[in-house]
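Please read it alongside the sequence and the model.

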Amino acid sequence: MEKIFDLAIHGRGAASITRILIMEKVPTPGFINFQRDGTFANIYAGAPEEKSYAWTIAQVKSIMKDETYIGHTIHYRETNISFKNKRRIRKPQSEWVRVENTQEPIISEQVFRQVQEQIANRRRKCKDGTTQIFSGLVKCADCGWSLSYGENRQNSKPYGHYHCSKYGQGTRQCSMHYIRYDVLYAYVLSRLQYWSRLVQHDEERLLKRLLNANDKGQAAARKKQAAELNKAEKRKAEVDTLFARMYEDWAAGRITEYNFSMLSGKYQSEQAELDTKIEQLQSAIATESQNAADAEKWIALMKECVNPTELTAELLNTLIEKIVVHEAVKGEDGSREQEVEIFYRFIGKID
Ligand SMILES: [Zn+2]
């Protein structure tokens, strides 16, 4: 299930996801149930291997829209017409009973919502031939809402543009954050072309740049952290031994009850302090190696799209987390300046 949502969020449609699942021989839920409980043996028992991963587009589509995966249960989706007629019919959505948080979610609410938004956007066809490749990616810098797509049809040559969806609500809660589709397209494409060139020419330097590793101070700080962790772990082992010995001494009557309680308090608080310190250092070190792994992941993705000449939803969703559009600033000379920030997947914002 996670795989389906992961593919969907990276811009794949149901048909493409179905193909991948079949190609990778991912077992269907039906087959998994058969293996576990023996249900639908009439279908699966003795069937050829292909049956175990015979995904259908309809099945993938219904999974992508199923709120069960974010922990909600929908009752009465289907009903029998009568006792005698066992044909099941789908009830209208208004009659469904929705119970929230009935089970542990498999998919996060945020991922689920984004996939729903992408499904909805896929259906919308634009009159000027542009497709919604940026859907779910462009956000308002001031209120954080998604930008909505619109078209200027008065113009002899209609063009697409984005504006803050909160602005469009009539409540004037946010300003317009207007940006033309072609301007945004050209800018994002130029950035991706720039990174693609760097990846090809000097991967090593780009990786360093992503990690700020040319900064000597950082490398020294990392070394110091590792040394500190080593020291703390050694001391922890010492204190544990001392504590154990002291306990033996007390049990054998070699130290008084008073000394025992005094010392054990002291050792225990040092143990707790060391535990905290070790945990902090470990997580700091882990974060750094995670950053390095993330940067490498992004570079690997970037390598796959050599010299992009056009943008597709798949390309954008593979490389980019979100695009933040700021309100334009008008200069006295009538010029218009607008900041657009691109946050990449795994590595965030880089310039
Ligand atoms: Zn806004």
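Val-138, Tyr-162, Ile-323 and Val-325 touch the most other members of the largest nonpolar core, which has 28 residues. The model is predicted: local features need pLDDT of at least 70, side-chain atom pairs count only at pLDDT 80 or more, and totals for chains, interfaces and linings use all residues. Residues are numbered from 1 along each chain as its sequence is written.

**Nonpolar cores**

- A nonpolar core is a set of buried Ala, Val, Leu, Ile, Met, Phe, Trp, Tyr and Cys residues joined through C-beta atoms within 7 Å; buried means that 20 or more other C-beta atoms, placed from the backbone, lie within 10 Å of the residue's own.
- Helices (H or I, at least four residues) and strands (E, at least two) are DSSP runs, numbered from the N terminus.
- Beyond its neighbours within four places in sequence, Val-138 is in contact (C-beta atoms, placed from the backbone, within 7 Å) with Ser-146, Leu-147, Tyr-162, Ile-323 and Val-325.
- A second, separate core has 14 residues, among them Ala-8, Ala-14, Ile-17 and Tyr-69.

**Crossing of H8 and H10**

- The axes (lines fitted to C-alpha atoms over the stretch in contact) of H8 (residues 203-211) and H10 (residues 257-304) come within 10 Å and cross at roughly 135°, with angles running from 0 to 180 degrees between N-to-C directions.
- Glu-203, Leu-206, Leu-207, Leu-210 and Leu-211 of H8 make the contact with Asn-291, Ala-292, Ala-295, Glu-296 and Ile-299 of H10.

Note on methods
Contact = placed C-beta atoms within 7 Å. Buried ≥ 20, exposed ≤ 12 C-beta atoms within 10 Å, placed from the backbone.
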